[in-house]
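Good morning, and thank you for coming.

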Amino acid sequence: MENPVYDYYQQLSGAYDQDRFGNSYGQYLHRQEHRFLSRTLSQYPAAQVLDLACGTGRLLEFADTGLDASPNMLEQARLKWPGKTLVTGDAQALPFAADSFAAAYSFHLLMHLSAEQSAQVLTELHRVLRPGGLLVCDFPSATRRRLSGGHHRKGWHGSNAFTLSGFLDLAGPSWRLVQYQGALFFPIHRLPESWRRPLGSLDDWFCRSWAKPYASYLLVCLQKI
Ligand SMILES: C[S@@+](CC[C@H](N)C(=O)[O-])C[C@H]1O[C@@H](n2cnc3c(N)ncnc32)[C@H](O)[C@@H]1O
C-alpha cells in the first residue's frame with residue numbers, strides 16, 4: 001500500500017538530524033521538547049519507557065526501547081544508541097504485551113496521522129502501559145492553526161491538528177490530563193536567526209502561560225486510568 005510518510009522518512013533518514021534539528025529553529029524546538037520530557041519523566045528509569053516513532057533516536061536518552069516504522073531511521077538510531085532495543089513496527093499495532101511499560105512518549109508522530117489513526121495509536125499505548133502509566137506526546141494546535149489560517153497538505157506534516165479538549169475527547173475517559181504546555185509560540189522561522197536564542201525564554205514563558213493554546217504545538221502528559 002502506498003505510504004508517502006514511510007517513503008519520505010526512509011529516504012530522509014541519513015539527513016534527518018541535520019535537516020530538521022541542525023539549525024537554530026530545530027534546536028529551539030528540541031530544547032522545549034527535551035525540557036518537557038525531563039520534567040515529566042524524571043521519575044521513570046529508561047528501562048521502563050518506550051519512545052514511539054523514535055526515528056533517528058533524537059530523544060532516546062529517556063527510553064531503552066524505541067519503535068519506528070522506518071528501518072532506515074532506526075539504522076541511524078542504532079549508530080547513536082547501540083545498547084537500546086530498537087524495533088521496526090507500526091504504532092497502530094504495537095508488538096508489545098499489555099502492561100509492558102511504565103511510561104511512553106511520542107514526538108512528531110500524530111501530526112502525520114488522521115484522527116482515526118491517532119485514536120488507534122492512543123488505544124495501543126493505553127494497552128501497553130501499566131495502570132497509572134504516563135504518556136507524553138505532541139500534536140499541532142488547532143487554535144494556532146485557525147489563527148494563522150494555514151492550509152496543510154492532507155496526510156502530511158502538520159495535517160492533523162487538535163485543540164486540547166478535542167484531543168482529550170479523542171483519547172477518551174481512560175486517560176487523565178496531568179499537565180500540558182505549548183511549544184514554539186513565536187513564528188521563529190520567519191524571524192532573523194540572531195533573534196531566536198534571545199527569544200527562547202520569552203517563548204517558554206508564553207508556552208506555559210494562559211496563551212499556550214496559541215503555540216504551534218501542544219505537549220501533553222496524560223496518565224492511564
Ligand atoms: C518527524 S519523525 C519523528 C522522529 C522522532 N520522534 C523525533 O521527534 O525526532 C516521524 C517518525 O514517525 C515514524 N512513523 C510514521 N508513521 C509511523 C507509524 N504508523 N508507526 C511507527 N512509526 C511511524 C516515521 O518513520 C518517522 O521516523
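A residue is called buried if 20 or more other C-beta atoms, placed from the backbone, lie within 10 Å of its own; with 12 or fewer it is exposed, and in between it is partly exposed. A nonpolar core is a set of buried Ala, Val, Leu, Ile, Met, Phe, Trp, Tyr and Cys residues joined through C-beta atoms within 7 Å. This is a predicted model, in which local features need pLDDT of at least 70 and side-chain atom pairs count only at pLDDT 80 or more, whereas totals for chains, interfaces and linings use all residues. Residues are numbered from 1 along each chain as its sequence is written.

The largest nonpolar core has 59 residues, and A104 and V136 have the most contacts inside it. Contact means C-beta atoms, placed from the backbone, within 7 Å. Beyond its neighbours within four places in sequence, V136 touches F36, L37, T40, L41, Y105 and C221 in this sense.

Let us turn to strand β5, residues 129–140. Strands (E, at least two residues) and helices (H or I, at least four) are DSSP runs, numbered from the N terminus. Nine of the twelve residues of β5 are buried, so this strand is largely enclosed by the rest of the structure. Strands pair if DSSP finds at least two bridges between them. β5 runs parallel to β4, residues 101–106, with five bridges, and antiparallel to β7, residues 217–224, with seven.

Finally, the ligand: its shell comprises ten nonpolar, five polar and three charged residues. Here Ala, Val, Leu, Ile, Met, Phe, Trp, Tyr, Cys and Pro count as nonpolar, Asp, Glu, Lys and Arg as charged, and the others, including Gly, as polar.

How values were computed
Contact = placed C-beta atoms within 7 Å.
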